[in-house]
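Hello,

Here is the structure I promised to pass on to you. Have a look at it first, and then read on for what turned up.

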Amino acid sequence: MRNWRPFAIILLIILIFGYVFGQLFTTSHKIQQSISKVNQAAATDKQAPHVVLIAQEVDNPYWRTVEKGARSAAKKYGVNLEYVGPIRINQKEQIEFIDKAIASKVDGILLQGSDDEEFLLAIQKAKQQGIPVFTVDTDSSVDKRKAYVGTDNYHSGQILGNLIARSIKGKGEIGIIIGSQSALNHELRLQGILSILKKYPEIKVQDIKTSNISQFQAAQQAEKMLKNDPGIQVIVGTSALDGVGIVQAVKGLNRNDVKVFGFDDLPETRKAIAAGSIEAVIVQEPYKMGFESIKLLNQFFKGEKIPQNTFTKIQVLDRTGIKAGDHQ
Ligand code: BGC
């Protein structure tokens, strides 16, 4: 019988080598693939324009919705988006964020506008460095910013003014809480409301206070108003958390006869409308503001012509607009 052993050993060695080479080949192929993926990602990231979105308050649910819209557009259009903002409303910090964005040579800045002198200087500085600035939600001086995306705030105030006047049949005492004295959108909303109410000689605006866009401060201010002037029958708030703050005060004082009007449809606000504690609100489109501003900025980067003003839609939401179960 022939000795088969040496052949078997050689075959085994060949098989082992084959296996080891096979493994080496697959592993090196995988590594090559990962390296090329990383390189590709780095290349796209380098090409992707770097854009900063500066909120009024970084964790405010309204601004988080603007961010969501911007993020989804950033994904769609290949923009590298950074979202920043002060923890609590603070214009000085917003200006610092603009300065930081300019220093890091971003390709575009989206921000809540203001006509504060220092704020305008910062926008001007960005403009001088060739960085386009878009205002979102709130505008600022037209000659400094490239475009505005957001609500037509004066008009939204007029719509609210008409709703209020109708609900009290053109007669009664009113208190107004504005979100901020430094943000133009609240000033415009206030002027819009007043432009309608002044047409009714029997409507008296008894008090105007500021909440600093805080639910807690809205509650405090509403309580003060009602204590100073128990004749007040309507309180209106101009920022997203004011409505629910005012409801807190009204309930705390057992003044269920006071009608509350406000802005935006955050979940707590929807609940209050469903429960009948808020009469109606003006609903804005924060998600769309974020989405459209990135989309327009992207068009601008490509050299396309873009509109100076893009007004997002508003709607009135009252109890009839809340579907059963929607508020839970
Ligand atoms: C306003 C924003 C503001 C937010 C605060 C909204 O109604 O449009 O400017 O930051 O309320 O909660």
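One thing before the details: this is a predicted model. Let's begin with the ligand. There are 14 residues around it, and those that come nearest are Gln-56, Trp-63, Asp-137, Asn-185 and Asp-264. Asn-185 also has a polar side-chain atom 2.8 Å from an oxygen atom of the ligand. For Gln-112, an N or O atom of the side chain is 3.4 Å from an oxygen atom of the ligand.

Next come the helix pairs. Helix 2 (residues 61–77) and helix 10 (residues 286–301) have axes that come within 6 Å and cross at roughly 35 degrees. Their crossing is right-handed. On the helix 2 side, the residues that meet helix 10 include Tyr-62, Val-66, Gly-69, Ala-73 and Tyr-77. Among their partners in helix 10 are Pro-286, Tyr-287, Met-289, Phe-291 and Ile-294. Sorted by class, the contact of helix 2 with helix 10 holds 11 nonpolar, five polar and three charged residues.

Helix 7 (residues 215–228) packs against helix 8 (residues 242–252) at an angle of about 45 degrees, and their axes are 7 Å apart. The two helices are therefore oblique to each other. Helix 7 passes helix 8 in a right-handed crossing. Helix 7 brings Gln-215, Ala-218, Ala-219, Ala-222, Glu-223 and Leu-226 to this contact, while helix 8 brings Asp-242, Val-244, Gly-245, Ile-246, Gln-248, Ala-249 and Val-250. By class, that contact has eight nonpolar, three polar and two charged residues.

How are helix 3 and helix 4 set relative to each other? Helix 3 (residues 91–103) and helix 4 (residues 117–128) pack at an angle of about 10 degrees, with 10 Å between their axes. Angles under 35 degrees count as roughly parallel, so helix 3 is roughly parallel to helix 4. In helix 3, the residues that meet helix 4 are Gln-91, Gln-94, Ile-95, Ile-98, Asp-99 and Ile-102. Helix 4 answers with Glu-118, Phe-119, Ala-122, Lys-125 and Ala-126. This contact divides into six nonpolar, two polar and three charged residues.

Best wishes

How values were computed: Residues are numbered from 1 along each chain as its sequence is written. This is a predicted model: local features need pLDDT of at least 70, side-chain atom pairs count only at pLDDT 80 or more; totals for chains, interfaces and linings use all residues. Side-chain values use heavy atoms; hydrogens and water are left out. Axes are lines fitted to C-alpha atoms, for helices over the stretch in contact, and angles run from 0 to 180 degrees between N-to-C directions. Helices (H or I, at least four residues) and strands (E, at least two) are DSSP runs, numbered from the N terminus. Angles under 35 degrees count as roughly parallel, over 145 as roughly antiparallel, 65 to 115 as roughly perpendicular and the rest as oblique. A crossing is left-handed if the near helix is turned anticlockwise from the far one by less than a right angle, and right-handed if clockwise. Contact means heavy atoms within 4.5 Å. Ala, Val, Leu, Ile, Met, Phe, Trp, Tyr, Cys and Pro count as nonpolar, Asp, Glu, Lys and Arg as charged, and the others, Gly among them, as polar. A residue is near a molecule or strand if one of its heavy atoms lies within 4 Å of it. A polar contact is a pair of N or O atoms within 3.5 Å; within protein, one must be able to donate a hydrogen and the other to accept it, and residues adjacent in sequence count only if both atoms are side-chain atoms.
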